[in-house]
Amino acid sequence: MTVTSEKQGKKKSKTTVDIVLKPNPLDQTCIHPESYDIAMRFLSFIGGTLCEIGKPEMQQKINSSLEKEGIEKTAERLQTTAHTLQVIIDGLSQPESFDFRTEFDKPDFKRSIVCLEDLQVGTVLTGKVENATLFGIFVDIGVGKSGLIPIRNVTEAKLSKTKKRRSLGLGPGERVEVRVLNIDIPRSRITLDLIRVL
């Protein structure tokens, strides 16, 4: 009788399972993952499928469903708010490659000002809000380094009267007109004053 024994120290081969994770089509929409369950219930309610996101047939199904009951009643039926349902409807209606950021206007950078050294105190420029923090607003003014509008320089009087705002905050992508207050070249810092929101 022959007994074959494996050499000690030889590792057992692990069985590998190839799992292909398919992305959820809802990930490509503005719908928050916490609302996916409501979105799926809405889809089955209107007789739609994930493959139809952003297609004309989806829009037709949404329209015919809302014509029958309206958004308030449909939201009630799905045990959600009309606002959440509107976001879901927007997400399901938008084309697959839709990106809301493409609607942002591009700032008009001055061609004569391309680097920090070109700036002068008092220069008026247009820029695009890049980030908002508790201490100020960072604005791209086209010199390769964002300038900072200290929060004390953001006042209600300087904000647009046409846009309703819940706070004094400015959001990424908003176009602003600013004045250069201070340039610290060694530390690469630019301090700006907000003139107005464009």
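Student: What makes the way in which H1 passes H2 a right-handed crossing?

Tutor: The word rests on the sense of turning: a crossing is called right-handed if the near helix is turned clockwise from the far one by less than a right angle, and left-handed if it is turned anticlockwise, and H1 passes H2 in the right-handed way. The elements themselves are DSSP runs, with helices (H or I) of at least four residues and strands (E) of at least two, numbered from the N terminus. Please keep in mind that this is a predicted model, in which local features need pLDDT of at least 70 and side-chain atom pairs count only at pLDDT 80 or more, whereas totals for chains, interfaces and linings use all residues. Residues are numbered from 1 along each chain as its sequence is written, and side-chain values use heavy atoms, with hydrogens and water left out.

Student: Why are H1 and H2 called oblique to each other?

Tutor: The axes of H1 (residues 36-46) and H2 (residues 56-77) come within 10 Å and cross at roughly 120°, where axes are lines fitted to C-alpha atoms, for helices over the stretch in contact, and angles run from 0 to 180 degrees between N-to-C directions. Angles under 35 degrees count as roughly parallel, over 145 as roughly antiparallel and 65 to 115 as roughly perpendicular, with the rest called oblique, and H1 and H2 are therefore oblique.

Student: Which residues make that contact, and how do they divide by class?

Tutor: From H1 come Phe42, Leu43, Phe45 and Ile46, and from H2 come Met58, Lys61, Ile62, Ser65, Glu69, Thr74 and Arg77, contact meaning heavy atoms within 4.5 Å. These residues of H1 and H2 comprise 6 nonpolar, 2 polar and 3 charged, where Ala, Val, Leu, Ile, Met, Phe, Trp, Tyr, Cys and Pro count as nonpolar, Asp, Glu, Lys and Arg as charged, and the others, Gly among them, as polar.

Student: How do you know what to call the angle between H1 and H3?

Tutor: H1 packs against H3 (residues 82-93) at an angle of about 70°, with the two axes 10 Å apart, and that angle is why H1 is described as roughly perpendicular to H3. Ile38, Ala39, Phe42 and Leu43 of H1 meet Thr84, Leu85, Ile88, Ile89 and Leu92 of H3, and this contact of H1 with H3 has 8 nonpolar residues, 1 polar and no charged ones. The crossing of H1 past H3 is right-handed.

Student: Is Val143 buried or exposed, and how do you know?

Tutor: Buried means under 20% relative accessible area, exposed means over 50%, and partly exposed is in between (1.4 Å probe, protein chains only); Val143 has a value of 8%, and therefore it is buried. Val143 sits in the loop between S2 and S3, and its C-alpha atom is 5.8 Å from that of Leu116, although the two are 27 residues apart along the chain.

Student: How exposed is Ser188, and why?

Tutor: Ser188, placed in the loop between S4 (175-184) and S5 (189-197), is called partly exposed because its relative accessible area is 31%. Ser188 has a positive phi of about 50° although it is not a glycine.

Student: And what makes Gln79 count as buried or exposed?

Tutor: Its relative accessible area is 69%, so Gln79 is exposed. Gln79 lies in the loop between H2 and H3, and it is not a glycine although its phi is positive, about 55°.
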